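Hi everyone, thanks for coming. I'd like to walk you through a structure, so please have a look at it on the screen before I start.

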Amino acid sequence: MASKTNKALFEAEKQLEKTEEQFSMLQILNEDGEVVNEAAMPQLSDEQLQELMRRMVYTRILDQRSISLNRQGRLGFYAPTAGQEASQLASQFALEKEDFILPGYRDVPQMIWHGLPLYQAFLFSRGHFKGNQIPEGVNVISPQIIIGAQIVQAAGVALGMKKRKQKSVAITYTGDGGASQGDFYEGMNFAGAFKAPAIFVVQNNRFAISTPVEKQSAAKTIAQKAVAAGIPGIQVDGMDPLAVYVAVREARERAINGEGPTLVETLTYRYGPHTMAGDDPTRYRTTDLDNEWERKDPLVRFRKFLDKKGIWNEEMENEVIENAKEDIKEAIKKADDTPKQTVTDLISNMYEELPNNLKEQYDIYKEKESK
Amino acid sequence: MAQMTMIQAITDALRTELRNDPDVLVFGEDVGVNGGVFRATEGLQKEFGEDRVFDTPLAESGIGGLAIGLGLQGFRPVMEIQFFGFVFEVMDSISGQMARMRYRSGGRYHSPVTIRSPFGGGVHTPELHADSLEGLMVQQPGLKVVIPSTPYDAKGLLISAIRDNDPVIFLEHMKLYRSFRQEVPEEEYTIPLGKADVKREGTDLTIVTYGAMVQESLKAAEELAKEGHSVEVIDLRTVAPIDIEAIVASVEKTGRAIVVQEAQRQAGVGANIVAEINDRAILNLEAPVLRVTAPDTVFAFSQAEAVWLPNYKDIIDTANKVLSF
């Protein structure tokens, strides 16, 4: 009797189903590069479409070279990005210069396309403070290592923009694992409560190191976590540059019109390991799964799409590849030429005005460094 | 001049800086229309509006992140943590993030944040309200930690803290909020951070202390004077960085010292001060530097505060040990 009564009051399964239905995946380009959702097509010129493809190809090369440079010991910390080009670059492509990016540790490509010089990205990887000295006017902050910290900070940046009455947004990225953090919820909830112009992107590549997304949460989508903050959430095909672009562009429109934040979940995949620090994805991923996602490669489908429009060819792609390789070579050279760090450098960056203990230690190390 | 309690002096400092600098923002849990759980922000939202003085959702980590983000947008955030026992929720935003902002960005960004938070025993608060956790914060490079003990110091130090372009933790002892009044200038003034203050001059023994233990130390010094001992009481006012110069100058004069803190012996900043004295003035010492602290247990259940918290009697006992060593 009791259970019958409860069921009448509270239809648990239906409630979950109804919630999940509201977060079905937005896709515009299928795996063959065919437009499957004409109504959602973003307004992009041929030049813009070509530029987006250039950036994606360039970034794939950057990833390949970074892995190789890391293996040669010429780069340090590196979190591979191959597979996430649509998710990372089409979302950045939807931004304006005045928008502020708070990246996670895998989100170096967005910073580069927002204006961070490549050699500085390499210095970040190696562990040199000059890599984090973002040029004035480039609205990004260095990659966040504490998963979730960027989310609460983004709420603050967005509130600041709202208070200054700027027509700009704060955008931040985390992964599927990151959506389990307290700061993920707090950041979204704060931005919602303050109706701040923030975009929260969760790049769901199905794995947090070795832990599959199913072990992070019983929720069927990450997008639906927006409901807890009372803000809109959308799940998009993260291997589809047009779907990612249009979702972020629309979230941006809402934000600058004072309608508050949005959560965007991109379904994506990293072809490489978690980081280059000894992670071996064959321990936790099957070849079948890898093959399934390689068929979804954002470059493949976008190439087909542009090819059919007659605005992309092999020659153009090879030119991008050569340019990328050239740029990377120069950037590594510039990173090599950067003066080594000293302890007095590190001390000098601690405070505007050094407290007594650091003044004393500065003198000690100055003396050491002069020998 | 006006007779003010410490809480009034704090409100006065906040009002002064809200007036002086349009980028100053005051926010936290119940600091707006309610005026704060201790009335520290009373009347400020009414005077400066909801855009400047506002409530937040109940989430300390979010408040810390909000302060960092607002700092990145050129604001000067003054955030409140309702009780410092709740700092554990926001340790990453403080120690992991804002303390490192200037360094990690090579000076490109900074965090001009002031964190106000009450702490301290003697007023029978419930669990995790009164704990002295300044010792955790002083171990984090990039922070400054200020603990005033008088209304006059509170106002001048808070104005300095807010104007500082690096993060400052400003800890307000609950027992001192309304325990006495003092003449406080109505106009603005600053007290430099990192500078101690000699609250009583003496020649036989140096007491280095801060927070509520300043009043206890002064009381002890008064008693010790009756026995013919001349005790100097140094109020650190800033516990990170420590004013080593002032401490060493006093120890060189007296040749004997004790350090008094409300925190447990394994916590606080006492051990740090003893080590600095040993490094810099050992040849001046007539006796070892001893410490007065709480016992190394979790903060007392409220009914046990009286037997647990250090007081002037403990200070007299330890002073006598050092004086007769």
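One definition to begin with: a residue is called buried when its relative accessible area is under 20%, exposed when that area is over 50%, and partly exposed in between. Please also keep in mind that what you see is a predicted model.

With that word in hand, let's go to helix 4 of chain A, which runs over residues 85-93. How many of its nine residues are buried? The count is nine of nine, so to speak a mostly covered helix by the 20% cut-off. Reading along, the buried residues are A:Glu85, A:Ala86, A:Ser87, A:Gln88, A:Leu89, A:Ala90, A:Ser91, A:Gln92 and A:Phe93. You'll notice A:Glu85 on that list, along with A:Gln88 and A:Gln92.

Now let's step back to the whole of chain A. It contains 15 helices and seven strands. Laid along its principal axes, the C-alpha trace of chain A spans about 85 × 55 × 45 Å. Of the 371 residues in chain A, 55% are buried. If you take the contacts in chain A between residues at least 6 apart in sequence, 75% of them join residues at least 24 apart.

What about the surface of chain A? As for charge, chain A carries 46 positive and 54 negative side chains, with the centres of the two sets 4 Å apart.

For those who like annotations, UniProt has an unreviewed entry that lists residues 53-343 of chain A as "domain: Dehydrogenase E1 component". In the model, that stretch of chain A is 46% helix and 11% strand, and its end C-alpha atoms are 43 Å apart.

Is A:Ile332 buried or exposed? Its relative accessible area is 4%, so A:Ile332 is buried. And which residues does A:Ile332 touch, leaving aside its neighbours within four places in sequence? The contacts are A:Leu69, A:Arg74, A:Leu75, A:Phe122 and A:Arg126. If you then look along the chain to A:Ser370, that residue is 38 places from A:Ile332 in sequence and 28 Å from it in space, C-alpha to C-alpha.

The next stop is A:Lys195, in the loop between helix 8 (182-193) and strand 3 (198-204) of chain A. Phi of A:Lys195 is near 50°, which is a positive value in a residue other than glycine. With a relative accessibility of 45%, A:Lys195 counts as partly exposed.

On to chain B. Here we have 12 helices and 14 strands. The radius of gyration of chain B is 19 Å, close to the 20 Å from the globule rule for 325 residues, so this chain is as compact as a globular protein of that length. The C-alpha atoms of chain B fill a box of roughly 60 × 40 × 40 Å along the principal axes. Buried residues account for 63% of the 325 residues. Among contacts in chain B between residues at least 6 apart in sequence, 82% join residues at least 24 apart.

The accessible surface of chain B is about 12,000 Å², with 48% belonging to carbon and sulfur atoms. Chain B has 30 positive and 46 negative charges, and their mean positions are 2 Å apart.

UniProt, again in an unreviewed entry, places "domain: Transketolase-like pyrimidine-binding" at residues 4-179 of chain B. The end C-alpha atoms of that span lie 11 Å apart, and the span is 35% helix and 16% strand.

Finally, some backbone details in chain B. B:Arg237 lies in the loop between strand 11 (231-235) and strand 12. Although B:Arg237 is not a glycine, it has a positive phi of about 65°. At 8% relative accessibility, B:Arg237 counts as buried. Then, where is the cis peptide bond? That bond joins B:Ala240 and B:Pro241, with omega about -5°. B:Pro241 itself is in the loop between strand 12 (238-240) and helix 9 (244-254) of chain B.

That's my tour, and I'm happy to go back to any part of it.

Conventions
Residues are numbered from 1 along each chain as its sequence is written. Chains are lettered from A and ligands numbered from 1 in the order in which they are written. This is a predicted model: local features need pLDDT of at least 70, side-chain atom pairs count only at pLDDT 80 or more; totals for chains, interfaces and linings use all residues. Side-chain values use heavy atoms; hydrogens and water are left out. Helices (H or I, at least four residues) and strands (E, at least two) are DSSP runs, numbered from the N terminus. The radius of gyration is taken over C-alpha atoms; the globule rule is 2.2 Å times the number of residues to the power 0.38. Buried means under 20% relative accessible area, exposed over 50%, partly exposed in between (1.4 Å probe, protein chains only). Contact means heavy atoms within 4.5 Å. Accessible areas come from the Shrake-Rupley method with a 1.4 Å probe; for residues, only the protein chains shown count as cover. Lys and Arg count as positive and Asp and Glu as negative; His and the chain ends are not counted. The place of a charge is taken as NZ of Lys, CZ of Arg, CG of Asp or CD of Glu. UniProt positions are given in the numbering used here, feature names are shortened, and annotations may be inferred rather than shown by experiment.
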